[in-house]
Amino acid sequence: MSTFPVRRNTIVISVTLFLLAVFAWAGWANWEYRQQAAVRALASVSRAELVATPAGNSSSASSASSLGYITPLQGRMAPAFALNNLDGQKVPLASYRGKALMINFWATWCAPCKIETPWIVELRNKYVSQGFEVVGVDTEGDDLKPDDKAGWTKTKTDVSKFIQQEKIQYPILLDGDSISVPYGGLDELPTSFFVDRTGKVVAAQVGLSSESDLEAKIKKALGSSR
């Protein structure tokens with residue numbers, strides 16, 4: 001059997017061509033992902049009403065930060081509800097009347113919620129002395145029946161673990177799915193509604209935004225432009 005010597009530069013060229021092919025494929029895959037993300041973003045925008053943020057109120061370089069979501073609940077009283085906390089106590093929204101609120105719908109499996117939560121914790125601690133509070137509403141989407149003890153035990157365990165990991169000190173309520181309809185369906189998480197001291201919705205946030213955007217909406221709920 002005859003053999004053919006392979007020159008070192010031939011191997012180098014082959015490896016180089018292979019790497020170039022890999023990089024080209026990766027570039028194409030990244031472009032394809034960005035295209036799909038853009039389509040999803042446009043679809044999301046089409047379901048919401050977006051308005052330009054007044055000049056000077058946007059601190060982000062992103063063009064998306066200059067747009068704000070306008071909820072149909074804008075200017076209306078936040079829909080009343082009463083949900084259980086982890087101790088099984090029924091907590092009505094009305095018990096927070098007189099405070100500026102951020103009603104934050106989230107879930108333990110929601111990756112953007114995990115990014116947003118440390119911002120919320122920090123902002124809550126910053127403004128709580130001014131009469132601000134966060135009401136976290138867990139929205140797992142499991143459609144658990146009241147008598148599903150195993151399901152509720154798992155949910156409570158997951159929520160308790162999340163609270164400990166994120167060092168959450170604000171109240172967390174369960175079964176947010178049961179009040180999704182009056183709050184617009186909650187098609188995306190996280191979704192937050194900002195309520196002034198009289199109980200009216202003054203702003204909303206659908207999806208992940210930025211800490212500065214959340215803070216601006218908190219100030220709006222507090223009636224402050226500082």
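**Notes on the core, a helix and a loop**

1. Let's start with the core. The largest nonpolar core has 48 residues, and those touching the most other members are Phe81, Ile103, Phe105, Phe132, Tyr183, Phe193 and Phe194. Such a core is a set of buried Ala, Val, Leu, Ile, Met, Phe, Trp, Tyr and Cys residues joined through side-chain atoms within 4.5 Å; buried means under 20% relative accessible area, exposed over 50%, and partly exposed in between (1.4 Å probe, protein chains only). Strand S5 gives the largest share, six residues.

2. A word on the basis. This is a predicted model, in which local features need pLDDT of at least 70, side-chain atom pairs count only at pLDDT 80 or more, and totals for chains, interfaces and linings use all residues. Residues are numbered from 1 along each chain as its sequence is written, and side-chain values use heavy atoms, leaving out hydrogens and water. Helices (H or I, at least four residues) and strands (E, at least two) are DSSP runs, numbered from the N terminus.

3. Now for helix H2. Its buried residues include Cys113, Ile120 and Tyr127, and strand S5 (100-106) and helix H4 (211-222) are among the elements covering the buried residues of H2.

4. Please look at the loop between S7 and S8, where Pro190 lies. The peptide bond from Leu189 to Pro190 is cis, with omega near -5 degrees. Leu186, also placed in the loop between S7 and S8, has a positive phi of about 50 degrees without being a glycine. Leu186 is buried, at 12% relative accessible area.

Note on methods: Contact = heavy atoms within 4.5 Å.
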